[in-house]
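Colleague: I'm new to this one. Can you walk me through it?
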Amino acid sequence: VQLQASGGGLVQPGGSLRLSCAASGTFASVNDMGWYRQAPGNERELVASITRGGSTNYADSVKGRFTISRDNAKNTVYLQMNSLKPTDTAVYYCNSKVFDYSYHLNNYWGQGTQVTVSS
């Protein structure tokens, strides 16, 4: 299973970016999906997550600014980031919990995409 993330970049404070992450490979189904971030010197932290049924969870620091969504048919998760702040600068990693055909739940990480918020 591979997770391919895209959409990072450089944006000015107050701007927007949209991250995407698609799961590919051989698996039975994709369960929870989410985005984490890690800034230099900090631990990796949860940004947002979404269940297969669409229930969402957000870090307090991004509530009201970020929106997570998914397309189950495409095994893809999105993160719409609005009103970006310099403190959002980090490497963003997508995460997915995937059932194999033995119905074991496995945890996968994408390669990370850099988001830089700066004027």
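This is a predicted model: local features need pLDDT of at least 70, side-chain atom pairs count only at pLDDT 80 or more; totals for chains, interfaces and linings use all residues.

Colleague: Which strand is T113 in?
Modeller: T113 lies in strand β11, which covers residues 113-117.

Colleague: Is T113 buried or exposed?
Modeller: Buried. Its relative accessibility is 11%, and the cut-off for buried is under 20%.

Colleague: And what does the side chain of T113 reach?
Modeller: The backbone nitrogen of G8, at 3.3 Å.

Colleague: Back to the strand. How do β9 and β11 pair?
Modeller: In the antiparallel sense, over three bridges.

Colleague: What sits between the strands in the hairpin of β9 and β10?
Modeller: Five residues. In that hairpin, Y103 takes a positive phi near 60°.

Colleague: How many of the ten residues of β9 are buried?
Modeller: Seven, so β9 is mostly covered.

Colleague: Where do side chains point in a regular strand?
Modeller: They alternate between the two faces of the sheet.

Colleague: New topic. How many disulfides?
Modeller: One. The disulfide joins C21 to C94, with S to S at 2.0 Å.

Colleague: Which parts of the chain does the pair tie together?
Modeller: C21 lies in strand β3, residues 17-24. C94 lies in strand β9, residues 90-99. So the pair ties together parts that are 73 residues apart in sequence.

Colleague: Are C21 and C94 buried or exposed?
Modeller: Both are buried.

Colleague: Which hand does the disulfide have, and why?
Modeller: Right-handed, because the torsion about the S-S bond of C21 and C94 is about 40°.

Colleague: On to charges. How many salt bridges does the structure hold?
Modeller: Four. The side chain of R37 meets that of E45 in a salt bridge, at 2.8 Å from N to O. R37 also meets D88, at 2.9 Å from N to O.

Colleague: Where do R37 and D88 sit in the chain?
Modeller: R37 is in strand β4, residues 29-38. D88 is in the loop between β8 and β9. The pair links distant parts of the chain, 51 residues apart.

Colleague: Is D88 buried or exposed?
Modeller: Buried, with a relative accessible area of 1%. R37 is buried too, at 7%. E45 counts as partly exposed, at 36% relative accessibility.

Colleague: What about D60, which residue is its salt bridge partner?
Modeller: K63. The closest N and O atoms of D60 and K63 are 3.1 Å apart. D60 is exposed, with a relative accessible area of 65%.

Colleague: Which residues do shared partners join into one network?
Modeller: R37, E45, R65 and D88. The salt bridges that share partners join them.

Colleague: Last topic, backbone angles. What is phi at N75?
Modeller: Near 50°. That is a positive value in a residue other than glycine.

Colleague: Where does N75 lie?
Modeller: In the loop between β7 and β8. β7 covers residues 66-71. N75 is buried, with a relative accessible area of 19%. The cut-off is under 20%, so N75 still counts as buried.

Colleague: And S83, what is its phi?
Modeller: About 50°, so positive, although S83 is not a glycine. S83 has its place in the loop between β8 and β9.

Colleague: How accessible is S83?
Modeller: S83 is partly exposed, with a relative accessible area of 41%.

Definitions and conventions. Residues are numbered from 1 along each chain as its sequence is written. Side-chain values use heavy atoms; hydrogens and water are left out. A disulfide is a pair of cysteine sulfur atoms within 2.5 Å. Helices (H or I, at least four residues) and strands (E, at least two) are DSSP runs, numbered from the N terminus. Buried means under 20% relative accessible area, exposed over 50%, partly exposed in between (1.4 Å probe, protein chains only). A polar contact is a pair of N or O atoms within 3.5 Å; within protein, one must be able to donate a hydrogen and the other to accept it, and residues adjacent in sequence count only if both atoms are side-chain atoms. Two strands pair if DSSP finds at least two bridges between them.
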